Amino acid sequence: MNKTTVATGVAHEVPEDLLLALQNDESALERWNDLTPMARNEWICWTITTKKPETRAKHIERTIIELMEGVRRPCCWAGCIHRQKTS
């Protein structure tokens, strides 16, 4: 994977606003691409399920900050509601 490639999640593609934030921070992008597909999916879903644009922008900013702190999944969030449940 080259330095500009942004890996996706399991149920979600990376939305344009998060994609741009990741591409603008090489260290955050490297950490993003090191996450498991499921973990990336959790960050994406956590970002896109917000109701207000301001909240979404804050989630994207927090994603970058927390990736740099070594956080691998969004804290205190129930998880992606879009994943298919398996028996």
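Glu66 lies in helix H4, where helices are DSSP runs of H or I with at least four residues, numbered from the N terminus. This is a predicted model, in which local features need pLDDT of at least 70 and side-chain atom pairs count only at pLDDT 80 or more, while totals for chains, interfaces and linings use all residues. Residues are numbered from 1 along each chain as its sequence is written, and side-chain values use heavy atoms, without hydrogens or water.

**Glu66**
- Glu66 has a relative accessible area of 12% and is therefore buried (under 20% relative accessible area, with a 1.4 Å probe and protein chains only).
- Beyond its neighbours within four places in sequence, Glu66 is in contact (heavy atoms within 4.5 Å) with Trp43 and Val71.

**Helices H3 and H4**
- The axes of H3 and H4 are 8 Å apart, at an angle of about 155°; axes are lines fitted to C-alpha atoms over the stretch in contact, and angles run from 0 to 180 degrees between N-to-C directions.
- H3 and H4 are therefore roughly antiparallel (angles over 145 degrees).
- From H3, Trp43, Trp46, Thr47 and Ile48 meet residues of H4 including Arg56, His59, Ile60 and Glu66.
- This contact of H3 with H4 consists of 5 nonpolar, 3 polar and 3 charged residues.

- Leu22 touches Val6, Val14, Ala28, Leu29, Trp32, Ile64 and Leu67, leaving out residues up to four places away in sequence.

Technical notes:
Helices (H or I, at least four residues) and strands (E, at least two) are DSSP runs, numbered from the N terminus. Angles under 35 degrees count as roughly parallel, over 145 as roughly antiparallel, 65 to 115 as roughly perpendicular and the rest as oblique. Ala, Val, Leu, Ile, Met, Phe, Trp, Tyr, Cys and Pro count as nonpolar, Asp, Glu, Lys and Arg as charged, and the others, Gly among them, as polar. Buried means under 20% relative accessible area, exposed over 50%, partly exposed in between (1.4 Å probe, protein chains only).
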